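Look at the structure below.

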Amino acid sequence: MRRDHSEEVYSISPKPFVSVKNILRTTSKRNETELGISTSINMVLDNKGTKDFEEATGNALYPHIAIIIANKLLYVVENKEKIKTGIMNIILVDYSDMEIEEMLKAIYQKK
């Protein structure tokens, strides 16, 4: 899968650790800093999603984690730390308001 807004290509497992069905709430927030404007998507997971995410994060069997929303590969990050909270904050840079709305819409429609 090609990372969105990039030429980087990754092999992604077809089985997610956490799916859209595990998202309880999603909000977006616009942030202004000296570096410019970005938007963050905040997701709160249900108990199953939180447990599954905790088991997957910090696990040497999974050296990287891909963040995919609305069939867009947003990030691939090293999986070094265990995350126990079930809250994810995804910062989006260089995405239009329309693209972000489409991502949020995709989450709501698939729930």
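Q: How far apart are the end C-alpha atoms of helix α2?
A: Helix α2 has 14 residues, 97-110. The expected span is 1.5 Å times one less than the number of residues, so α2 should span 20 Å. The computed distance agrees: the end C-alpha atoms are 20 Å apart.

Q: How is this model made, and what rules apply to its numbers?
A: The model is predicted; local features need pLDDT of at least 70, side-chain atom pairs count only at pLDDT 80 or more, and totals for chains, interfaces and linings use all residues. Residues are numbered from 1 along each chain as its sequence is written, and side-chain values use heavy atoms, with hydrogens and water left out.

Q: Which strands stand at the edges of the open sheet?
A: The sheet has 3 strands in the order β1-β2-β5, with antiparallel pairing. Two strands pair if DSSP finds at least two bridges between them. Each edge strand has a single partner, so one side of it is left without a neighbour in the sheet; these strands are β1 and β5.

Q: Which residue of β2 stands opposite T27?
A: β1 and β2 form a hairpin with 2 residues between them. They pair in the antiparallel sense over 10 bridges. S28 stands opposite I41, and T27 stands opposite N42.

Q: What angle does the direction of α2 make with that of β1?
A: α2 packs on the sheet, touching β1, β2 and β5. Contact means heavy atoms within 4.5 Å. Axes are lines fitted to C-alpha atoms, for helices over the stretch in contact, and angles run from 0 to 180 degrees between N-to-C directions. The angle between α2 and β1 is about 170°.

Q: How far is the side chain of N79 from the backbone oxygen of A56?
A: N79 lies in the loop between β4 and β5 (87-92), and is buried, with a relative accessible area of 8%. A polar contact is a pair of N or O atoms within 3.5 Å; within protein, one must be able to donate a hydrogen and the other to accept it, and residues adjacent in sequence count only if both atoms are side-chain atoms. A polar atom of the N79 side chain lies 2.7 Å from the backbone nitrogen of G58. The N79 side chain reaches the backbone oxygen of A56 at 2.8 Å.

Q: Is N71 buried or exposed?
A: Most residues other than glycine have a negative phi. N71, in the loop between β3 and β4, has a positive phi near 60°. With a relative accessible area of 62%, N71 is exposed.

Note on methods
Helices (H or I, at least four residues) and strands (E, at least two) are DSSP runs, numbered from the N terminus. Buried means under 20% relative accessible area, exposed over 50%, partly exposed in between (1.4 Å probe, protein chains only).
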